[in-house]
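Load the model in your viewer and keep a selection panel open. The stops below are meant to be followed in order.

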Amino acid sequence: MDVDDFRTFEQVAWAGSYEGRTTLGIGTRARLPFRTFPLLGTPGDDAVRLVIDVAHRW
């Protein structure tokens, strides 16, 4: 994944999916605080998304 336009991210690597589990690696420029949470879809859309919110500075 191309992250050239992001200051915070150095690299994102797709590690694969197996039996409903997906693994990603996200490299940041420093040890930055982050939080994760699920984002539910709209009515009629059963998709659940994972949000990874990384601070730009602290």
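**Ground rules**

The model is predicted, so local features are given at pLDDT of at least 70 and side-chain atom pairs at pLDDT 80 or more, while totals for chains, interfaces and linings use all residues. Residues are numbered from 1 along each chain as its sequence is written, and side-chain values use heavy atoms, without hydrogens or water.

**Whole chain**

Show the chain as a cartoon. The elements run β-β-β-β from the N terminus, with 0 helices and 4 strands in the chain. Helices (H or I, at least four residues) and strands (E, at least two) are DSSP runs, numbered from the N terminus.

Now switch to the C-alpha trace. Along the principal axes, the C-alpha atoms fill a box of roughly 40 × 25 × 20 Å. The chain has a radius of gyration of 14 Å, whereas a compact globule of 58 residues would be near 10 Å. That radius is taken over C-alpha atoms, and the globule rule is 2.2 Å times the number of residues to the power 0.38.

Colour by accessibility: 10% of the 58 residues count as buried. Buried means under 20% relative accessible area, exposed over 50%, and partly exposed in between, with a 1.4 Å probe and protein chains only. Among contacts with a separation of 6 or more, 22% come from residues 24 or more positions apart; a contact means heavy atoms within 4.5 Å.

**T28**

Select T28, in strand β2 (residues 21–28). T28 counts as partly exposed because its relative accessibility is 31%. Beyond four places in sequence, T28 touches T8, F9, E10 and V54. A polar atom of the T28 side chain lies 2.6 Å from the backbone oxygen of A30.

**T8**

Move to T8, in the segment before β1 (9–18). At 2% relative accessibility, T8 is buried. Which side chain makes a polar contact of 2.7 Å with that of T8? The partner is H56. A polar contact is a pair of N or O atoms within 3.5 Å; within protein, one must be able to donate a hydrogen and the other to accept it, and residues adjacent in sequence count only if both atoms are side-chain atoms. Leaving aside neighbours within four places, the contacts of T8 include G27, T28, V54 and H56.

**V54**

Next select V54, in strand β4 (residues 48–54). V54 is buried, at 14% relative accessibility. Its contacts outside four places in sequence are T8, F9, T28, L32, P33 and F34.

**E19**

Go to E19, in the loop between β1 and β2. E19 is exposed, with a relative accessible area of 68%. Its phi is near 50°, a positive value in a residue other than glycine. Most residues other than glycine have a negative phi.

**The largest pocket**

Finally, select M1, V3, F6, F9, V12, L24, I26 and I52, which line the largest pocket. The elements giving two or more residues to this lining are β1 and β2. The lining has 8 nonpolar residues, no polar and no charged. Ala, Val, Leu, Ile, Met, Phe, Trp, Tyr, Cys and Pro count as nonpolar, Asp, Glu, Lys and Arg as charged, and the others, Gly among them, as polar.

On a 1 Å grid over the protein atoms alone, a pocket is an open set of points where a 1.4 Å probe fits, with protein on both sides within 12 Å along at least five of seven lines; lining residues have an atom within 4 Å of a point.
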